Amino acid sequence: MGDARLHKTAAALRRAGCDVHVHGLGETHQAPEGCAVTVAPSAGKLTRAMRALIWPWMIRADVLLTIDPDTAPSAFLVCKLRRSAWVADVHEDYRQLLHDRSWVPRPLLTLLQAGVGAMNWIISRADLVLVADEHVPPRRAPRRHVLRNEPDFSLLRTPTRPVEDGRWRAVYVGDNRRSRGLQMMVEAVAATAFDERPWELDIIGPSSGDDRVWLDARLQEPDCRTIIFHGRREPRRAWDIVAGADVGLCLLADTPAFADAMPSKVYEYLACGLPTFATPLPRVAELLRRTGAGTLVTSTGETVDALRRYASDAQWRASLVASAHTAGEAARGKPNAYDEVAALIRQLPASR
């Protein structure tokens, strides 16, 4: 239940006067505020697959919203039989994302991608398909709406200037794995451990498997004493931790799944007035060059250089902060995309 889009959509539906029941993995305190909640502990892949088949049948509602492609077959059937509406929220290009999963055996990649293609075909039959960007499948659906990973300002703190307390602090909010920059950001901050004013790093978000094993071991080393791993946090609490930081990090690898992506965290950093240090994915690079609200890095060494320059070059630092605040103010002047989606969802039962 830590997915940011779920929290944003649930918050918008609550503002629109809808009763929302969230059914998912995790703990109750991780669920969106103001919602009825049913939770189950995390489990292995077989148990997760069984839950994907069973859970849609356990929920009775005017509208069923799914965020996991594995639930698509059951969601399609149950909504057809009960004549209820189905909304499928597709966060990413799941076919391409398989390249980013270390557990996927290479010989089975094509077969698994074919399975995802079949899921996308079923999803395209939903009453409303929400996709995170133009390039995200399914590209053909009767009712397809692009819901980009934009901020919901009701969940974010208003922009604040970095706290002048003699500390330099970087933050990261999101999933933690090697391909999303976990090792790159940890090693970059660790490299400043013996500087006159070493950088601190708050890592907010889940981590598991080999990445978690590596992170837990690495944080025991002396040069990582200023790095804190907070784990998964409900969005409002996550952005409370972010408040007062100096820079936000988005060091995604150039993988097929990320090549055309616009990570939500970049929008959110800027909405909080936070300069962003990011790897040069095309759309991220275009945004930061256009706004001047961050800098691009391609390696751990370049990230270290950028952190040290931010700490020592007052003019450059002031320019980044001013540009980030300008970009944040511009973003806050736009309509809330999640409120628009909540209005569409409210119309579904009446249209059936």
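A: In this predicted model, the charged end of Arg 317 sits over the ring of Tyr 310, at 5.9 Å from the ring centre. Tyr 310 and Trp 316 both belong to a cluster linked by ring pairs, along with Trp 168, Trp 199 and Phe 277.

A pair of aromatic rings is described by the distance of the centres and the angle of the planes. With centres required to lie within 6.5 Å, the count comes to six aromatic pairs. One of them joins Trp 199 and Tyr 310: the centres are 5.8 Å apart and the planes stand at 65°, so this pair is edge-to-face, the cut-off for that class being over 60 degrees. Trp 199 is in strand E8 (residues 199–204) and Tyr 310 in helix H11 (residues 300–312), so the contact ties together parts that are 111 residues apart in sequence. Trp 199 and Tyr 310 are both buried.

Another edge-to-face pair is formed by Trp 239 and Tyr 269, with 6.2 Å from centre to centre and 70° between the planes. Here two helices are involved: Trp 239 lies in H8 (residues 235–242) and Tyr 269 in H9 (residues 264–271), so the pair ties together parts that are 30 residues apart in sequence. Trp 239 counts as buried because its relative accessibility is 4%, under the 20% cut-off. Tyr 269 is buried too, with a relative accessible area of 0%.

Methods:
Residues numbered from 1 in each chain as written. Predicted model: local features only at pLDDT ≥ 70, side-chain atom pairs only at ≥ 80, totals over all residues. Heavy atoms only, no water. Phe/Tyr/Trp six-rings, centres within 6.5 Å; stacked < 30°, edge-to-face > 60°. Helix = DSSP H or I, 4+ residues; strand = E, 2+ residues; numbered from the N terminus. Buried < 20%, exposed > 50% of the residue type's maximum accessible area, 1.4 Å probe, protein only. Lys NZ or Arg CZ within 6 Å of the ring centre and 35° of its normal.
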